[in-house]
Amino acid sequence: MTYTAQALCVFAVGVALVLGGCASPASQPLRQLVEQGTVLRGVTVVDTHDGTLWRDMAIVIHGPRIAAVLPDRQVDVGSGAMTIDGRGRYVVPGYLDMHVHTLPMAAQGQAPWPMLVAHGVTGVREMAGSLSFAREARPLNAQRAAGRLLPPEIVPIPADLMLG
């Protein structure tokens, strides 16, 4: 798998968490023809709710969204879609970094969002600073929810609250 394909897989993981995790295969249609977009084929999807490993799955991606997660054997790929062989790879809906200091970096114009998302981090607990940094997280989360920015979801924990 090329670096670009690996990066796309990691991006798909991030998008999966943003969209609320991977859907259960049972909730998907019986067969799907994919004419456009990208299909990650043969991956093992890790269900973070109960630890189940859904083996030999296909993840159908249309633009920035995961359209379907279903057994690979139920997917037919047309000539207009890109296929990435994911056999032997795992897809996880996203990782949470529970101790970061990213808002001060972002305030200095050095936002680390692309690096975090590229490594599968789709949510962070911001430990830096004060209530003012907590307020700065709100518009970033709003831009993320609107699809205008790709940071992880930020849960700010201002020191003011932790110190009393």
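Colleague: Which residue in S3 stands opposite valine 43?
Modeller: Methionine 57 does. Bear in mind that this is a predicted model. S2 and S3 pair in the antiparallel sense, over 7 bridges.

Colleague: How many residues lie between the strands in that hairpin?
Modeller: The hairpin of S2 and S3 has 6 residues between the strands. Glycine 51 takes a positive phi there, near 85°.

Colleague: Is aspartate 56 buried or partly exposed?
Modeller: Partly exposed, because its relative accessibility is 43%.

Colleague: Back to S2. What else does S2 pair with?
Modeller: Strand S6, residues 81–85, pairs with S2 in the parallel sense over 5 bridges. Valine 39 stands opposite threonine 83 in S6. S2 is also joined to strand S7, residues 90–91, by 2 bridges, and these two run parallel. There, threonine 44 stands opposite tyrosine 90.

Colleague: How many residues of S2 are buried?
Modeller: 8 of the 10 residues in S2, which spans 37–46, are buried, so the strand is largely enclosed by the rest of the structure.

Colleague: And glutamine 32, where is that?
Modeller: In strand S1, residues 32–34. Glutamine 32 counts as buried because its relative accessibility is 17%, and the cut-off for buried is under 20%.

Colleague: What is glutamine 32 in contact with, leaving aside neighbours within four places in sequence?
Modeller: Val60, Ala68, Leu70, Gln74, Val75 and Asp76.

Colleague: New topic. What is the order of the open sheet of 3 strands?
Modeller: S8-S9-S10, with parallel pairing. Strand S8 (95–100) and strand S10 (153–156) are the edge strands, each pairing on one side only. Neighbouring strands in this sheet are turned by 20° against each other on average, direction ignored.

Colleague: How many bridges join S8 to S9?
Modeller: 4, and the two strands run parallel. Strand S9 covers residues 121–126. Tyrosine 95 has valine 121 in S9 as its bridge partner.

Colleague: Now the whole chain. How many helices and strands?
Modeller: 5 helices and 10 strands. The chain has 164 residues, and 40% of them count as buried.

Terms used. Residues are numbered from 1 along each chain as its sequence is written. This is a predicted model: local features need pLDDT of at least 70, side-chain atom pairs count only at pLDDT 80 or more; totals for chains, interfaces and linings use all residues. Side-chain values use heavy atoms; hydrogens and water are left out. Buried means under 20% relative accessible area, exposed over 50%, partly exposed in between (1.4 Å probe, protein chains only). Contact means heavy atoms within 4.5 Å. Two strands pair if DSSP finds at least two bridges between them. Axes are lines fitted to C-alpha atoms, for helices over the stretch in contact, and angles run from 0 to 180 degrees between N-to-C directions.
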